[in-house]
Amino acid sequence: MWSKECAMDVYYKWREETDPQGFKLEMQKKIEEADAYARRNKIMKPKKMMDDQIFWNIISLLDWSKEDEEEIVDAAIKELATFTAWKIRHFEETLSYKLFLLDTEEHAREIGEYCFSPQDQHFSPDFFLYARCAVVARGKEVFEDILSNPLKMLKDTEFEILLSLSSEAYHLKMGKEFEYESGCSYETFSNKEGWSNTL
């Protein structure tokens, strides 16, 4: 008995033998499309996170009396580096989740000059991520206030360097690159519920 699946096997074998280069590129494209689809439809769920109070204690070490961003984060990086490698991963997971929670259309509409608008092409997903970093960097009270009230979103400000805390602390601790994939992506548009009216 011949089936459709069998026919596809024969077709793929024929393509592989008659046009190996084209077949390889076609298969690579299919794999990339499948991966992209899986990422778009992945249910975001945080992994093991750091105790909230410890997380905010580390964030509170950001020294806003300094002007240079690297100096602002220096004490926080050194403190985080005193934790185990796993605790550094838990910090990264907690940071990612808090940024994920702020990833909503309502918050994106309130970031100032380059705010989100369906008609405006000036919105930068990267800048919105860095703007969310600025909110977390300002501490627990500011974060919780803005999370519950998007109208209070900080305007025209960003703090991209916050994203490097875990990797810098891990490198200081272990002497090697930090490799970790969080359960919730902090990339803009990852929070499907937060963008349900747009995506």
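**Exercise 1. Find which residues of helix α3 (residues 52–59) are buried, and where they sit around the axis.**

Solution. 
1. In this predicted model, the buried residues of α3 are Phe-55, Trp-56, Ile-58 and Ile-59.
2. They cover an arc of only 155° around the axis, so they lie on the same side of α3.
3. Recall the geometry: an α-helix has 3.6 residues a turn, so residues three or four places apart point the same way.
4. Next, look for the packing partners. The buried residues of α3 pack against α4 (69–80), α5, α7 (125–137) and α8 (140–148).
5. Finish at the N-terminal end of α3, which Asp-51 caps. A side-chain oxygen of Asp-51 lies 3.1 Å from the backbone nitrogen of Gln-53.

**Exercise 2. Decide whether Asp-103 is buried or exposed, and trace its surroundings.**

Solution. 
1. Locate Asp-103: the loop between α5 (85–101) and α6.
2. Check accessibility. Buried means under 20% relative accessible area. Asp-103 has 0%, so Asp-103 counts as buried.
3. Look along the chain. Asp-103 and Phe-189 are 86 residues apart in sequence, yet their C-alpha atoms are 6.6 Å apart.
4. Find the polar partner. A polar atom of the Asp-103 side chain lies 2.9 Å from the backbone nitrogen of Ser-190.
5. List contacts beyond four places in sequence. Among them are Phe-128, Arg-132, Glu-187, Asn-191 and Trp-195.

**Exercise 3. Count the aromatic pairs and classify the one formed by Tyr-114 and Phe-127.**

Solution. 
1. The structure holds 15 aromatic pairs.
2. Tyr-114 and Phe-127 are 6.4 Å apart, centre to centre, with 75° between the planes. Planes over 60 degrees apart count as edge-to-face, so this pair is edge-to-face.
3. Tyr-114 is in the loop between α6 and α7, and Phe-127 is in helix α7, 13 residues apart.
4. Tyr-114 has a relative accessible area of 37%, so Tyr-114 is partly exposed.
5. Now the cluster: Phe-116, Phe-123, Phe-128, Phe-189 and Trp-195 form one.
6. Arg-132 lies over the face of Phe-128, at 4.7 Å from the ring centre. Arg-89 lies over the face of Trp-86, at 4.4 Å.

Note on methods:
Residues numbered from 1 in each chain as written. Predicted model: local features only at pLDDT ≥ 70, side-chain atom pairs only at ≥ 80, totals over all residues. Heavy atoms only, no water. Helix = DSSP H or I, 4+ residues; strand = E, 2+ residues; numbered from the N terminus. Buried < 20%, exposed > 50% of the residue type's maximum accessible area, 1.4 Å probe, protein only. Contact = heavy atoms within 4.5 Å. Polar contact = N/O pair within 3.5 Å; in protein donor to acceptor, adjacent residues only side chain to side chain. Arc of directions from axis to C-beta. Phe/Tyr/Trp six-rings, centres within 6.5 Å; stacked < 30°, edge-to-face > 60°. Lys NZ or Arg CZ within 6 Å of the ring centre and 35° of its normal.
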